[in-house]
Amino acid sequence: ALLSLASQLSFAQQAAPKAEEIFARHVAAVGGKEAILRVTSIKTIGTMQIVSMGISAPVETIIAAPNRMVSKMTLPGIGDVASGYDGKTGWEVNPMQGPRVKSERETSMMAEECDFYRILLYSNDRYTSAATVGSVEFGGEKSWQVKIVLKSGRVVNDYFSIETGLRVGSQTTQESAQGTIEVRQIESAYKQFGGMMVATKRDLMSGSTRMVMTASDIVLNDVSPVDFALPAQIKALITIKY
């Protein structure tokens, strides 16, 4: 009992490293800056479990430099659901709500969320400030909590394993069709792909909806511009020429 108490006190009293040191350790744990810069896209293929609905669906997501993304899944009994950002337009297609071009604020947040090298390298030109809050338990890991203020003013709290240095998740807010919602994500089951460590499980709480994505494969540097092309339903809603 005394040893356990001593261990807890040691964890609580551990001198907190600076945010930049935590970021650098994460980058090194992932594989290093050079390995990251060799990657220009990450395609994740797997299964999305929507816990609140009791269903699971095949899913494919792609994120690519500098800031493009697309996500597609087929929900049983509902149909194809997709969303994306092509560098200009944020959009989503949902059989229950129809196609929708996202608002300017939503689109701005999407651009932040898929800023490829911000989320991989934590370059200091991507945020206004970053400060270590302290040590906490997050996703079952003893972690350093880092409060990041993005240039838009939005606050993101990222969490990094004290043991491994790897990011174990984040908490922030996002704009949606329903307004501003709280988003919490736990990242785990890191595996190596092409010389880089990538989380293969993401447990996402978005508002009151919980989704768990488990990757069966991750493919690096294998995308083309057509992957980010706007769907016909979205093109019909906008006047911008593509």
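On a 1 Å grid over the protein atoms alone, a cavity is a set of points where a 1.4 Å probe fits but cannot get out, and its lining residues have an atom within 4 Å of a point. This is a predicted model, where local features need pLDDT of at least 70, side-chain atom pairs count only at pLDDT 80 or more, and totals for chains, interfaces and linings use all residues. Residues are numbered from 1 along each chain as its sequence is written, and side-chain values use heavy atoms, with hydrogens and water left out. Here's a look at the cavity, some salt bridges and one lysine.

**The cavity**
- There is one cavity of 30 Å³ or more in the structure, and the largest cavity comes in at about 30 Å³ (a volume is the space filled by probe spheres set on the grid points, which are joined across faces, edges and corners).
- Its lining is made up of Thr44, Ala199, Thr200, Lys201, Arg202, Met213 and Ala215.
- Strand 12 (196-206) and strand 13 (209-220) are the elements that each give two or more residues to that lining (strands are DSSP runs of E, at least two residues, numbered from the N terminus).
- Strand 12 gives the most, with four residues.
- By type, the lining splits into three nonpolar, two polar and two charged residues (Ala, Val, Leu, Ile, Met, Phe, Trp, Tyr, Cys and Pro count as nonpolar, Asp, Glu, Lys and Arg as charged, and the others, Gly among them, as polar).

**Salt bridges**
- A search of the whole structure turns up nine salt bridges (a side-chain nitrogen of Lys or Arg within 4 Å of a carboxyl oxygen of Asp or Glu).
- Arg167 pairs with Glu187, with the closest N and O atoms 3.1 Å apart; Arg167 sits in strand 10 (residues 167-176) and Glu187 in strand 11 (residues 179-193), so the pair ties together parts that are 20 residues apart in sequence.
- Arg167 is buried at 11% relative accessible area, and Glu187 is buried at 5% (buried is under 20%, exposed over 50%, partly exposed in between, with a 1.4 Å probe and protein chains only).
- Glu187 also bridges to Arg202 at 3.3 Å, linking strand 11 to strand 12 across 15 residues.
- Arg202 is partly exposed, at 27%.
- Elsewhere, Glu92, Arg100 and Glu106 are linked in a salt-bridge network, with Glu106 and Arg100 meeting at 2.9 Å, N to O.

**Lys43**
- Lys43 lies in strand 1 (residues 41-50).
- Lys43 is buried but has no salt bridge, and the nearest side chain of opposite charge, Asp222, is 4.2 Å away (Lys and Arg count as positive, Asp and Glu as negative; His and the chain ends are not counted).

How values were computed:
1 Å grid on protein atoms, 1.4 Å probe; cavity = no way out; pocket = protein on both sides within 12 Å on 5 of 7 lines; lining within 4 Å.
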